[in-house]
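Colleague: Hi! Could you walk me through this one while I have it open on my screen?

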Amino acid sequence: MRNRNFVRFLLVTVVAAVLACAPAMAAQAPHAMVVSESAQATQAGLEILKKGGNAVDAAAAVALALGVTNAGSCGLGGGGFMLIYMARQGQFFALDFRETAPKAATADMYIRNGHPNERLAVVGPLAVGVPGQVAGIRDALKRFGTMTFQQVAAPAIKLARDGFPITSLLAGEIAHNRNYIAAEPEFAKVFLRPDGSAPPADTVIRQPELARTLERLGNRPAENFYHGEIAREIASYIKSQGGIITTDDLSDYRAVWREPLHRAFQGNEVYVMPPPSSGGVLLEMLGMLEPGHLPGLGLNSPPYLARLAEVMRQGFIDRALYADPAFVHVPLQVLLSPKHIDEARRRALHHNTLAPRIAPAHDHGTSNFCVVDKDGNVVALTTTINTAFGAKMMVPKLGVVLNDEMDDFAVAPNVPNVYRLQGAKANEIAPGKRPLSSMTPIIVVSHGRPIMTTGGSGGPTILTGVLQVTLNILDFHLGPEQAVTTPRIHEQASPDIIFAEAAIPEPTRRALSEMGYKLKVVPHLGAVNAITIEAGNLHGAFDPRKGGGVAGY
Ligand code: DON
């Protein structure tokens with residue numbers, strides 16, 4: 001008995017200590033704010049804002065710092081999307097620095113003996129797309145930044161050189177990929193302990209090669225990364241492993257400025273990334289829900305979740321038409337027209353479902369963050385190397401972890417990728433093409449002024465997570481903390497199942513089953529962070545599902 005009491009006392013003490021140490025998941029500030037999936041990366045952004053940098057400078061600093069602290073999720077070897085609102089112009093800008101397929105890539109490059117081998121698109125040299133991260137950060141800074149690359153890279157360089165205690169997220173990713181990491185001595189030297197075991201959370205790790213690479217980028221990061229010595233080191237390492245990315249692929253890489261998509265919702269205007277993001281699907285789903293008087297159904301009530309699931313399914317059916325607009329005509333005018341959205345809403349009736357045999361891939365690649373500066377500029381940025389530790393390869397001398405973004409293409413018609421998304425013709429592989437993405441950073445304005453920004457990580461659950469958090473804020477008037485914490489569902493048409501977080505109460509799940517839906521209970525679905533914006537009151541929260549940091553001044 002005394003023993004049991006002692007154990008209980010210990011448990012209570014440990015839980016209290018953990019809660020006391022855990023950073024607050026929400027913060028309020030009058031002028032400027034950063035929320036990201038890392039406490040240190042958030043501080044990097046705040047440091048830049050306090051030094052007088054604007055939201056774009058701070059976003060560059062956060063992205064570079066995340067590449068160090070969340071090295072399993074994003075970094076110089078990956079790419080992303082950046083949605084920017086510049087207050088002075090009152091305009092939105094979308095920067096696409098998504099990876100591209102190498103010039104030698106072909107639609108059938110993963111077919112072996114007549115059969116698709118999807119594994120080749122996930123692990124190893126053929127999985128790697130030409131990285132876009134450095135070009136994206138350079139172009140954003142060049143157009144809107146006020147600081148040099150070395151100024152915004154300084155916090156990341158310090159973190160990489162001096163080290164930082166790893167989170168349980170990174171510790172878990174390392175443990176999960178230990179065998180891949182152990183296969184490459186330089187990779188192992190950074191992420192494993194000397195005895196080859198995976199380090200536990202809070203172990204301090206250092207990335208001296210990555211620090212050096214960030215320094216070598218100087219103030220001409222794109223020239224230095226895509227041309228010259230660094231490009232040669234990347235290409236020769238990939239070639240030595242049997243990959244096909246060449247120095248030509250690197251020198252031809254360009255980030256692309258695009259016109260954001262937008263649509264009215266409840267008197268607001270929602271801005272999203274255009275293709276090759278599938279952000280348009282989010283607009284379509286919002287459009288289908290708009291006349292629905294959702295608050296009347298009740299937040300997370302069975303009829304509300306059923307309606308969401310039906311709308312999500314329709315959205316994902318149309319997602320098959322999205323792809324790189326340089327290669328495929330994406331019929332946005334049709335997809336986002338009131339007529340199509342009305343028809344999609346009518347089609348959004350429940351039909352018989354397949355057996356729930358598949359869970360969404362449990363993966364932690366990708367990182368989203370949002371920044372608001374004192375002048376009202378806003379950046380929402382999602383960046384990724386795709387699955388945790390990307391292609392499971394690190395360029396040894398550079399400390400750069402390489403992405404496995406090729407898996408976001410259709411590996412072969414109707415072959416599902418790691419996120420169980422079915423391969424569609426529009427998204428087949430071609431040289432220089434960008435793979436379709438679910439990454440959906442968004443900014444919402446009301447009467448011409450930003451009122452909220454959000455985005456997430458978690459493959460296709462990004463679209464449905466961002467949808468639910470946006471509805472929680474705009475329709476249910478929740479603060480960001482509750483908006484991101486509220487349990488979520490996910491439905492992506494194939495498999496035709498409602499994935500429900502375990503935190504959705506059992507009676508609600510039972511009611512959905514009784515309505516005829518097939519449910520699969522999962523621990524959690526992606527991670528979404530958000531900031532709500534009012535004059536003199538910024539309110540941000542990160543997602544406790546994944547952890548992070550939020551800070552402002
Ligand atoms: O661009 C995409 O849609 C994927 N590469 C995102 C991957 C992701 O979010 C992994 N997450 N946990």
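**Around the ligand**

Modeller: Happy to. Let's begin at the ligand: one of its nitrogen atoms has a polar side-chain atom of Asn386 at 2.8 Å. Keep in mind that this is a predicted model.

Colleague: Good to know. Which backbone atoms come up to the ligand's nitrogen and oxygen atoms?

Modeller: For a nitrogen atom of the ligand, a backbone N or O atom of Gly365 sits 2.6 Å away. For an oxygen atom of the ligand, a backbone N or O atom of Gly459 is found at 2.7 Å. On its own the ligand has 340 Å² of accessible area, and the protein covers 98% of that.

Colleague: How many residues surround the ligand, and which are the closest?

Modeller: There are 15 residues around the ligand, and the closest are Gly365, Thr366, Asp408, Ser437 and Gly459.

Colleague: Switching topic: I clicked on Asn403. Where does it lie?

Modeller: Asn403 is in the loop that connects β15 (400-402) with β16 (442-446).

Colleague: Is Asn403 buried or exposed?

Modeller: Asn403 counts as buried because its relative accessible area is 0%, and buried means under 20%.

Colleague: What does the side chain of Asn403 reach?

Modeller: Two backbone atoms. A polar atom of the Asn403 side chain lies 2.8 Å from the backbone oxygen of Gly77, and the side chain also reaches the backbone nitrogen of Gly129 at 2.9 Å. Asn403 and Gly77 are 326 residues apart along the chain, yet their C-alpha atoms are separated by 5.8 Å. Asn403 has other contacts too, including Glu99, Val128, Pro131 and Ile385.

Colleague: Nice. Now the sheet: what is the order of the seven strands?

Modeller: The open sheet runs β9-β4-β3-β13-β12-β2-β23, with antiparallel pairing. At its edges are β9 (256-258) and β23 (549-552), each of which pairs on one side only. From one strand to the next, the twist averages 10°.

Colleague: How many bridges pair β3 with β4?

Modeller: Seven bridges, in the antiparallel sense, between β3 (residues 79-86) and β4 (residues 91-97). To see one of them, find Ile84 and look for its bridge partner in β4, Phe93.

Colleague: And which strands do helices α3 and α4 lie across?

Modeller: Helix α3 (residues 55-69) lies across β2 (33-36), β3, β12 (367-372) and β13 (378-384), at about 155° to β12. Helix α4 (residues 133-144) lies across β3, β4, β9 and β13, and runs at about 155° to β4.

Colleague: One more residue, Thr453. Which strand is it in?

Modeller: Thr453 belongs to strand β17, residues 449-457. That strand is mostly covered, with seven of its nine residues buried. Thr453 is buried as well, at 0% relative accessibility.

Colleague: What lies 2.9 Å from its side chain?

Modeller: The backbone oxygen of Ile442 lies 2.9 Å from a polar atom of the Thr453 side chain. Thr453 also touches several other residues, among them Cys370, Val378, Asn529 and Ile531.

Colleague: Last one: what does β17 pair with?

Modeller: β17 runs antiparallel to β16, joined by five bridges, and antiparallel to β21 (residues 527-534), joined by six bridges. On the β21 side, Ser457 has Ala527 as its bridge partner. β16 and β17 form a hairpin with two residues between them, and His447 in the turn has a positive phi of about 50°.

Methods
Residues numbered from 1 in each chain as written. Predicted model: local features only at pLDDT ≥ 70, side-chain atom pairs only at ≥ 80, totals over all residues. Heavy atoms only, no water. Helix = DSSP H or I, 4+ residues; strand = E, 2+ residues; numbered from the N terminus. Buried < 20%, exposed > 50% of the residue type's maximum accessible area, 1.4 Å probe, protein only. Contact = heavy atoms within 4.5 Å. Polar contact = N/O pair within 3.5 Å; in protein donor to acceptor, adjacent residues only side chain to side chain. Pairing = 2+ DSSP bridges. Axes fitted to C-alpha atoms, helices over the stretch in contact; angles between N-to-C directions. Near = heavy atom within 4 Å. Areas by Shrake-Rupley, 256 points an atom, 1.4 Å probe, with all protein chains shown as cover. Lists of a residue's contacts leave out its neighbours within four places in sequence.
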